[in-house]
Amino acid sequence: MTDTYTITAFSENHIGLLNRITIIFTRRNVNIHSLTVSESAIRGISKFTIVVVETEEKVRKVVSQIDKLVEVLKAFYHPNDEIVYQEIALYKVPTEALLASNNLEAIIRKHNARILEVMPEYTVIEKTGHCEETQELFDILTEFGVKQFTRSGRVAVTRLSEELLTNYLKEMDEKELELVTKMHETTQ
């Protein structure tokens, strides 16, 4: 059974890594619904956030392949109930539609959106939420003549108290310290 999963992969910033990651999805015939790359909580480490709708078995295999890439520190996957996530959408509508109708202002308020910029020719509206929410507002705004629309990829954090990468790096440091200690004891 397919479900929505968010895959996170942590790495240093390397040229060509995004290409190598997307090739893994292509080879396994998995469609990427959204992809966002940003800095993580750890300085110098990038975080790839990738959304797929697939079986857990296939997602597990993809994450395993991503994990094997030399540049990737660690990769994880989560179903939607294990994360907190949002997307941002921008809508560009004619300003005359905004001025001609009190209805548009009520729609913006009802959907917890906000106006970012008002120019004589256009107005830019911003909405943060889940994909379904930003799509619903788009569907409503089409009657006012949406000139442009864009939606970001998902940004997400786990519901866990600590970042998984931080815990993973601590475990690796502890294992390395144990190994060094054992090597030191055997040489004496």
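Visitor: What makes Asn 29 count as exposed?
Guide: First, a caution: this is a predicted model. Exposed requires over 50% relative accessible area. Asn 29 has 64%, so Asn 29 is exposed. Asn 29 sits in the loop between H1 and E2.

Visitor: Which loop holds Asn 112, and what is its phi?
Guide: Asn 112 is in the loop between helix H4 (102–110) and strand E6 (114–118). Phi of Asn 112 is near 50°, a positive value in a residue other than glycine.

Visitor: Is Asn 112 buried or exposed?
Guide: Exposed. The cut-off is over 50%, and Asn 112 has a relative accessible area of 64%.

Visitor: How do you know that Arg 43 is exposed?
Guide: By the cut-off of over 50% again. Arg 43 has a relative accessible area of 82%, so Arg 43 qualifies. Arg 43 lies in the loop between strand E2 (32–39) and E3.

Visitor: Where does Glu 96 lie?
Guide: In helix H3, residues 95–100. Glu 96 has a relative accessible area of 63%, so Glu 96 is exposed too. The C-alpha atoms of Glu 96 and Phe 144 are 9.3 Å apart, at positions 48 residues apart along the chain.

Visitor: Which residues make the contact between H1 and H2?
Guide: From H1, Ile 21, Ile 24 and Phe 25. From H2, Val 62, Gln 65 and Ile 66.

Visitor: How many residues of each class are in the contact of H1 with H2?
Guide: Five are nonpolar, one is polar and none is charged.

Visitor: What makes a set of residues a nonpolar core?
Guide: The members must be buried nonpolar residues joined through side-chain atoms within 4.5 Å. The largest such core here has 19 residues. Ile 7, Ile 21, Phe 25, Val 52 and Ile 66 touch the most other members.

Visitor: Which elements each supply at least two residues of this core?
Guide: Strand E1 (2–11), helix H1 (17–27), strand E3 (46–55), helix H2 (56–67) and strand E4 (72–79). In soluble globular proteins, nonpolar side chains tend to be buried together.

Visitor: What does Ile 21 contact, leaving aside neighbours within four places in sequence?
Guide: Phe 48, Ile 50, Ile 66 and Leu 69. There is also a second, separate core of 13 residues, including Ala 89, Ile 107, Ala 113 and Phe 144.

Visitor: Finally, the whole chain. How many helices and strands are there?
Guide: Six helices and nine strands. The chain has 188 residues, of which 38% are buried. Buried requires under 20% relative accessible area. Among contacts between residues at least 6 apart in sequence, 74% join residues at least 24 apart.

Notes. Residues numbered from 1 in each chain as written. Predicted model: local features only at pLDDT ≥ 70, side-chain atom pairs only at ≥ 80, totals over all residues. Heavy atoms only, no water. Buried < 20%, exposed > 50% of the residue type's maximum accessible area, 1.4 Å probe, protein only. Helix = DSSP H or I, 4+ residues; strand = E, 2+ residues; numbered from the N terminus. Contact = heavy atoms within 4.5 Å. Nonpolar A, V, L, I, M, F, W, Y, C, P; charged D, E, K, R; others polar.
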